[in-house]
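Here is a short briefing on one structure.

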Amino acid sequence: MRLHAEPWVVIGGPTGTGKSALAVAIAEAIGGEVVNYDSVQIYRGFDIGSAKPGIDLRARVPHHLFDLAEASSEIDAAEFARIASATCREIAARGRRPILVGGTGFYLRALLRGLPEMPGRDEGVRKRLRRIMESERGRERLHRWLARVDPLSARRIAAADRHRIERALEVWVLSNRPISSWPRPEAGGLGVDACILALRTERTVLAERLDRRVAELYANGLVDETRALLERYPAEARPFGSIGYAEAVRVVRGEIDLEAAIVETRRRTRAYAKRQMTWFRAERDVHWIDAGRPFERIREESLDTIRRFCDPPADSRPGDAITHE
């Protein structure tokens with residue numbers, strides 16, 4: 001199947017639904033290259049806990065923005081969008097198709113639509129917030145503060161998500177305005193069309209799949225990987241706050257045992273998958289794909305959707321070919 005240079009393809013949906021394998025299959029079929037938008041997989045060495053695609057899968061087609069940075073540096077949504085934009089345009093300039101795949105919806109939105117014109121990073125405010133964060137029960141104190149000044153953001157941001165709590169409070173301190181009140185850009189970003197596919201499966205099936213996946217992460221050496229990474233980076237480095245790594249850090253420190261870490265990682269993973277579903281349901285022009293069927297059927301429906309999106313009837317708009325949940 002030969003397609004023109006645009007639109008790009010986005011594969012989303014909750015974790016554990018097979019997005020990486022589908023991205024590679026689509027890339028092979030339409031001459032694409034995979035571009036990551038997962039906020040943990042961009043860091044070198046954070047492989048097991050982030051469920052980074054394996055070497056065999058990544059060898060089948062070019063992959064971009066994996067292992068992009070050291071954990072000692074922080075790649076926020078704005079910086080990611082800048083790097084990803086250049087990467088995707090370079091791929092398209094070679095006549096290839098960017099296939100965006102990942103789990104961080106905010107990074108994807110920053111790339112495709114841009115970010116609100118809110119206050120930028122302020123190191124002085126960050127330092128004050130981190131002094132509180134590092135105090136006894138500091139993270140809970142900051143989350144309670146956020147709940148008072150911005151209840152909507154407090155519901156959206158988990159108490160364990162140090163970086164998003166800091167950013168939300170930073171915006172409040174600098175502007176006296178909740179971060180949730182800043183309007184999302186309705187257009188802008190890269191100015192390209194995107195065919196958005198989102199995988200979903202029945203809730204109980206997904207929960208069982210996620211529980212098995214978490215068990216596999218620990219069985220495959222998540223704690224040992226984390227112990228080695230702690231020798232290279234401080235525990236405050238951004239990826240250590242992510243699901244799986246945060247619990248593994250506590251195991252390494254002797255704060256909880258392995259069984260408790262697995263239970264907590266399963267709970268957080270299920271909650272994260274629910275948030276991902278909510279995020280994609282709120283997006284426009286999303287085509288939902290049933291991930292509970294044989295892979296070949298998932299692949300064929302995805303390719304058919306892309307084909308219809310890229311080559312709609314002459315009297316229809318691109319979005320007309322997309323079905324909604």
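Helix α11 (residues 245-252) packs with helix α12 (residues 258-281) at an angle of about 165°, and their axes are 9 Å apart. α11 is therefore roughly antiparallel to α12. This is a predicted model, in which local features need pLDDT of at least 70, side-chain atom pairs count only at pLDDT 80 or more, and totals for chains, interfaces and linings use all residues. Residues are numbered from 1 along each chain as its sequence is written, and side-chain values use heavy atoms, with hydrogens and water left out.

**Terms for the helices**

- Helices (H or I, at least four residues) and strands (E, at least two) are DSSP runs, numbered from the N terminus.
- Axes are lines fitted to C-alpha atoms, for helices over the stretch in contact, and angles run from 0 to 180 degrees between N-to-C directions.
- Angles under 35 degrees count as roughly parallel, over 145 as roughly antiparallel, 65 to 115 as roughly perpendicular and the rest as oblique.

**α11 against α12**

- The crossing of α11 past α12 is right-handed (the near helix is turned clockwise from the far one by less than a right angle).
- On the α11 side, the contact (heavy atoms within 4.5 Å) is made by A246, E247 and V251.
- On the α12 side, L258, A261, E264, T265 and R268 take part.
- By type, the contact residues of α11 with α12 are four nonpolar, one polar and three charged.
- Here Ala, Val, Leu, Ile, Met, Phe, Trp, Tyr, Cys and Pro count as nonpolar, Asp, Glu, Lys and Arg as charged, and the others, Gly among them, as polar.

**α10 against α11**

- Helix α10 (residues 222-230) and α11 have axes that come within 9 Å and cross at roughly 80°.
- α10 is therefore roughly perpendicular to α11.
- From α10, the residues L222, V223, E225, T226, R227, L229 and L230 meet Y245, A248, V249, V251 and V252 of α11.
- This contact of α10 with α11 divides into nine nonpolar, one polar and two charged residues.

**Covered helices**

- α11 is mostly covered, with six of its eight residues buried (under 20% relative accessible area; exposed is over 50%, partly exposed in between; 1.4 Å probe, protein chains only).
- Buried in α11 are Y245, A246, E247, A248, V249 and V251.
- These buried residues of α11 pack against α9 (203-219), α10 and α12.
- The buried set in α4 is G105, Y107, L108, R109, A110, L111, L112 and R113.
- Their cover includes β1 (8-12), α3 (77-93), β4 (97-101), β5 (194-200) and α12.

**Nonpolar cores**

- A nonpolar core is a set of buried Ala, Val, Leu, Ile, Met, Phe, Trp, Tyr and Cys residues joined through side-chain atoms within 4.5 Å.
- The largest core has 50 residues, of which V10, F46, F80, L100, L108, F240 and F280 touch the most other members.
- α3 gives the most to this core, with eight residues.
- Leaving out residues up to four places away in sequence, F280 touches G12, G13, Y37, L108, I196, A198, V286 and W288.
- A second, separate core of 24 residues includes V9, I99, I289 and F309.
- In soluble globular proteins, nonpolar side chains tend to be buried together.

**Single residues**

- T278 lies in helix α12. T278 is partly exposed, at a relative accessible area of 47%.
- The C-alpha atoms of T278 and G13 are separated by 9.3 Å, although the two are 265 residues apart along the chain.
- R284 sits in the loop between α12 and β6 (286-290). Its relative accessibility is 42%, so R284 counts as partly exposed.
- R284 and I196 are 9.0 Å apart, C-alpha to C-alpha, and 88 residues apart in sequence.
- S50 belongs to the loop between β2 (32-36) and α2 (55-58). S50 counts as buried, at 11% relative accessibility.
- Apart from neighbours within four places in sequence, S50 is in contact with V40, Q41 and Y245.
- L303 is in helix α13 (residues 295-310). At 4% relative accessibility, L303 is buried.
- Between the C-alpha atoms of L303 and W145 there are 47 Å, with 158 residues separating the pair along the chain.
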